[in-house]
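Let's walk through this model together, from its overall layout down to single side chains. Please keep the viewer open as you read.

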Amino acid sequence: MRGEARRREVVVLSVIAAGGAVGAGARYEVGQLWPTGSSAFPWTTLGVNAVGCLIIGVFLVVVTEVWSVHPLLRPFFGTGVLGGFTTFSTYCADIERLVAQERAGIALAYLAVTVVAAMAAVTIGVAAARRALIGRRR
């Protein structure tokens, strides 16, 4: 039994890693399309995080309320792809960079705007998915 549990853990972690590679690759491409200069406001990171949160809101409604999906889809896409795509570590590094450039006010605004945008995006994603996918079935 213990060997089977270990094998399942390895499979789940492998799926998450594969999804993370896909998500990180997508994030890299977005950064290449819309680069942010070292002294610029980090709009690209803010946008990536908000879009990722919007997608996770839609995704979670789909996999928990609408369709029965393969058990590895959620760790692959939700944790792996979207975890690799969103970049809250870069968000923290951006805040540190802005503070080091003596732009603490902008860093504080960026800190707050990102949290508000992420929460709003998840909420909008959930509401839109429920309206589009569940509301039609009634």
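The protein's secondary structure consists of 5 helices and 0 strands, where helices (H or I, at least four residues) and strands (E, at least two) are DSSP runs numbered from the N terminus. Read from that end, the elements follow the order α-α-α-α-α. What you see is a predicted model, in which local features need pLDDT of at least 70 and side-chain atom pairs count only at pLDDT 80 or more, while totals for chains, interfaces and linings use all residues. Residues are numbered from 1 along each chain as its sequence is written, and side-chain values use heavy atoms, with hydrogens and water left out.

The C-alpha trace spans about 55 × 45 × 25 Å along its principal axes. Of the 138 residues in the protein, 30% are buried; buried means under 20% relative accessible area, exposed means over 50%, and partly exposed lies in between (1.4 Å probe, protein chains only). If you take the contacts (heavy atoms within 4.5 Å) between residues at least 6 apart in sequence, 76% join residues at least 24 apart.

Now for the helix packing. Two packed helices are described by the angle between their axes and the distance between the axes. Here the axes are lines fitted to C-alpha atoms, for helices over the stretch in contact, and angles run from 0 to 180 degrees between N-to-C directions. Helix α4 (residues 88-100) packs with α5 at an angle of about 160°, and their axes are 7 Å apart. That angle makes α4 roughly antiparallel to α5, the word used for angles over 145 degrees, whereas those under 35 count as roughly parallel, 65 to 115 as roughly perpendicular and the rest as oblique. The crossing of α4 past α5 is right-handed; this handedness applies if the near helix is turned clockwise from the far one by less than a right angle, and left-handed applies if anticlockwise.

Which residues of α4 and α5 make the contact? From α4 come Phe88, Tyr91, Asp94, Ile95, Leu98 and Val99, and from α5 come Ala104, Ile106, Ala107, Tyr110, Leu111, Thr114, Val115 and Ala118. Sorted by class, this contact of α4 with α5 has 12 nonpolar, 1 polar and 1 charged residues. In this scheme Ala, Val, Leu, Ile, Met, Phe, Trp, Tyr, Cys and Pro count as nonpolar, Asp, Glu, Lys and Arg as charged, and the others, Gly among them, as polar.

Helix α4 also packs with α2, at an angle of about 150° and with the axes 10 Å apart. This makes α2 roughly antiparallel to α4, and α2 passes α4 in a left-handed crossing. Thr45, Asn49 and Cys53 of α2 meet Phe88, Thr90, Tyr91 and Asp94 of α4. The residues of the contact of α2 with α4 divide into 3 nonpolar, 3 polar and 1 charged.

Within helix α5, compare two residues. Thr114 is buried, at 2% relative accessibility, and touches Leu46, Asn49, Phe88 and Tyr91, leaving aside residues up to four places away in sequence. Val116, also found in helix α5, is exposed, with a relative accessible area of 56%. From Val116 to Phe88 the separation is 28 residues in sequence and 14 Å in space, C-alpha to C-alpha.

Next, look at the rings. A search of the whole structure finds 5 aromatic pairs; rings of Phe, Tyr and Trp (its six-membered ring) pair if their centres lie within 6.5 Å, with planes under 30 degrees apart counted as stacked, over 60 as edge-to-face and the rest as tilted. One of them is Phe41 with Tyr110, edge-to-face at 5.4 Å centre to centre and 80° between the planes. Phe41 lies in the loop between α1 (2-33) and α2 (43-66) and Tyr110 in helix α5 (residues 104-134), so the pair ties together parts that are 69 residues apart in sequence. Tyr110 is buried, with a relative accessible area of 0%. Ring pairs also link Phe41, Trp43, Phe88, Tyr91 and Tyr110 into a cluster.

Finally, visit the loop between α4 and α5, where Glu102 sits. Most residues other than glycine have a negative phi, and most peptide bonds are trans. Glu102 has a positive phi, near 60°, and counts as exposed at 73% relative accessibility.
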